Amino acid sequence: MEPDTFHSLLRLRKKSYRVTLYRRHLSWMEELGSSQRGAGQSFRMPVTEIVCVELGKRDALDQEPQAPTVENQFTVFYVKRGKDQQWKLETHVFTAQDRDLSQQWVQLLQQRIEQYGGRRPKELLVFINPFGGRGQAVRIYSRVSPLFQLAGIRTKVIETTRANHARDHILTEDLQGVDGLVCVGGDGMFSELMHGLIGRTQREAMVSEDEEDTVLQPTRIRIGIIPAGSTDCICFATVGINDPVTSALHIIIGDSQPLDVCAVHHRSKLVKYSASLTGYGFYGDVLLESDRHRWMGPFRYNYAGFKTVLSNRSYEGTIEFQTTENIDSNPRDNSRCRTGCLVCSESSGRLKEDADEAEAIQAEQRQIQNSNWHSVEGSFVGINLTGISSACPKSPDGLSPTAHLADGTADLILVKKCSMFQFLRHLTRHTNQKDQSALPAG
């Protein structure tokens with residue numbers, strides 16, 4: 001048995017188990033009677049997926065914590081993985097032989113969570129957009145706030161009252177002690193937090209965001225998303241589902257996923273950052289039209305999309321781009337990128353290693369800038385650059401299903417001038433399992 005282990009006999013759901021606590025996981029095996037043959041059932045739970053431990057019995061989150069009525073019991077709250085990337089909070093109530101043993105288990109489990117439970121947040125700054133999406137952000141947060149309280153996470157909640165309220169707060173206010181920002185809203189709200197956090201980080205590092213060749217400094221604080229918007233593209237692409245409880249549990253256990261961010265400049269001035277889709281033509285027109293009809297709620301995207309399709313506009317131009325030499329990912333492979341993806345983990349690890357070597361990063365960037373450029377001229381219905389799949393409930397695979405979250409590349413999707421019928425066929429493929437890049441002519 002490995003060092004730092006602890007074990008004893010405990011009861012769970014009227015059965016007796018030999019329970020063992022290792023450094024990074026908890027396991028238990030059913031104890032069979034002398035008349036029973038074979039091995040009993042065994043179970044294993046990673047410490048990283050234990051939310052918290054409490055003395056006493058508490059079967060559900062909606063129950064108020066009470067003084068233990070049975071002093072030799074303790075409750076383990078943990079993450080249960082369900083179908084379609086959904087996570088739920090579940091409990092196991094263990095019964096020990098006496099109060100002292102139960103207290104010892106609680107103390108040891110809490111120590112393991114502290115030592116091996118991952119980089120969990122202690123204090124979160126929560127921004128709620130009460131007007132975004134379906135206007136349900138406040139109600140949605142009320143569902144998950146007890147989870148943060150259960151996990152012992154301190155939260156400060158700010159309801160935004162205007163556009164860029166969250167961004168301005170992040171740029172100007174004291175964030176000492178805050179180790180996570182939480183967005184309760186949609187992609188627009190996430191964009192506010194991202195712009196504020198990146199902008200503040202560059203300002204503190206005295207890095208100019210307007211210089212295209214500048215190597216931006218990585219942010220120290222992480223951003224979590226509780227989906228409450230119209231599409232919640234960032235949340236869907238990273239977690240795989242738009243479920244507030246699932247997202248809250250990812251935040252609580254310290255789950256993290258680096259994300260590639262694209263900077264858009266015009267005439268030596270930063271226009272904006274993008275972590276999902278940067279579009280010119282069709283999608284740009286849809287967003288512009290939908291902004292004029294925000295009063296319609298989520299339906300404004302359907303209306304704007306229908307109207308833009310009917311117009312069938314195209315734009316003349318020249319597109320210049322560089323191709324990557326990254327062999328770990330390809331727009332035509334069959335991989336699906338989610339949190340924990342090996343390609344992105346390795347890429348992010350390299351970025352982390354290089355973070356302290358500014359000269360190496362700048363040399364690599366100069367090499368990229370001096371590499372061969374390609375160009376395409378023509379009339380385009382859509383010019384789309386996506387650093388992630390840009391998946392959402394209406395398009396479960398997204399514009400580029402195999403795009404990775406943090407491999408340092410983006411997929412360029414060019415849709416040349418075509419008939420309205422051809423373009424509709426292209427759009428339809430975003431909602432089914434067919435290959436968007438293999439649309440036949442005609």
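Q: Which residues touch the most other members of the largest nonpolar core?

A: In this predicted model, Leu125, Phe127, Leu181, Phe190 and Leu193 touch the most other members of the largest nonpolar core, which has 28 residues. Two or more residues each come from strand 8 (123–128), helix 3 (165–172), strand 10 (180–185), helix 4 (187–204), helix 5 (233–239) and strand 13 (270–274), and helix 4 gives the most, with six residues.

Q: What does leucine 181 touch, not counting residues up to four places away in sequence?

A: Leucine 181 touches Leu125, Phe127, Ile170, Leu193, Leu197, Ile221, Arg222, Ile223 and Gly224. Apart from this core there is a second, separate one of 27 residues, with Val51, Leu147, Val245 and Leu249 among them.

Q: Why is glutamine 136 called partly exposed?

A: Its relative accessible area is 31%; buried would need a value under 20% and exposed one over 50%, so a residue in between is called partly exposed. Glutamine 136 is found in the loop between strand 8 and helix 2, and its C-alpha is 9.7 Å from that of valine 184, although the two residues are 48 places apart in sequence.

Q: What makes strand 4 and strand 5 edge strands?

A: The open sheet of seven strands has the order 4-3-2-1-7-6-5, with antiparallel pairing. Strand 4 (42–46) and strand 5 (50–55) each have a single partner strand, so one side of each is left without a neighbour in the sheet. On average, neighbouring strands of this sheet are turned by 30° against each other, direction ignored.

Q: How do you know that strand 5 and strand 6 count as a pair?

A: Pairing requires at least two bridges between the strands, and strand 5 and strand 6 (residues 73–81) are joined in the antiparallel sense over five bridges. In one of these, valine 53 has valine 76 of strand 6 as its bridge partner. Helix 2 (residues 137–150) lies across strand 5, strand 6 and strand 7 (87–95), running at about 65° to strand 5.

Q: What is the strand order of the open sheet of four strands, and in which sense do its strands pair?

A: The order is 9-8-10-11, and the pairing is parallel. Strand 9 (154–159) and strand 11 (222–227) are its edge strands, as each pairs on one side only, and the twist averages 20° from one strand to the next. Strand 8 and strand 9 pair over six bridges, where the requirement is at least two, and glutamate 123 has arginine 154 of strand 9 as its bridge partner. Helix 4 packs on this sheet, touching strand 8, strand 10 and strand 11, and its direction makes about 155° with that of strand 10.

Q: How do you know that the length of helix 8 agrees with its number of residues?

A: At 1.5 Å a residue, the 13 residues of helix 8 (residues 299–311) should span 18 Å, and the end C-alpha atoms are 19 Å apart, which agrees. Just after helix 8, asparagine 312 takes a positive phi of about 50°.

Q: Why are the buried residues of helix 8 said to lie on the same side?

A: The buried residues are Arg300, Ala304, Gly305, Thr308 and Val309. They cover an arc of only 160° around the axis, which puts them on the same side of helix 8. An α-helix has 3.6 residues a turn, so residues three or four places apart point the same way. These buried residues of helix 8 pack against helix 7 (282–291) and helix 11 (420–428).

Methods:
Residues numbered from 1 in each chain as written. Predicted model: local features only at pLDDT ≥ 70, side-chain atom pairs only at ≥ 80, totals over all residues. Heavy atoms only, no water. Core = buried A, V, L, I, M, F, W, Y, C linked by side-chain atoms within 4.5 Å. Buried < 20%, exposed > 50% of the residue type's maximum accessible area, 1.4 Å probe, protein only. Contact = heavy atoms within 4.5 Å. Axes fitted to C-alpha atoms, helices over the stretch in contact; angles between N-to-C directions. Expected span 1.5 Å × (residues − 1). Arc of directions from axis to C-beta.
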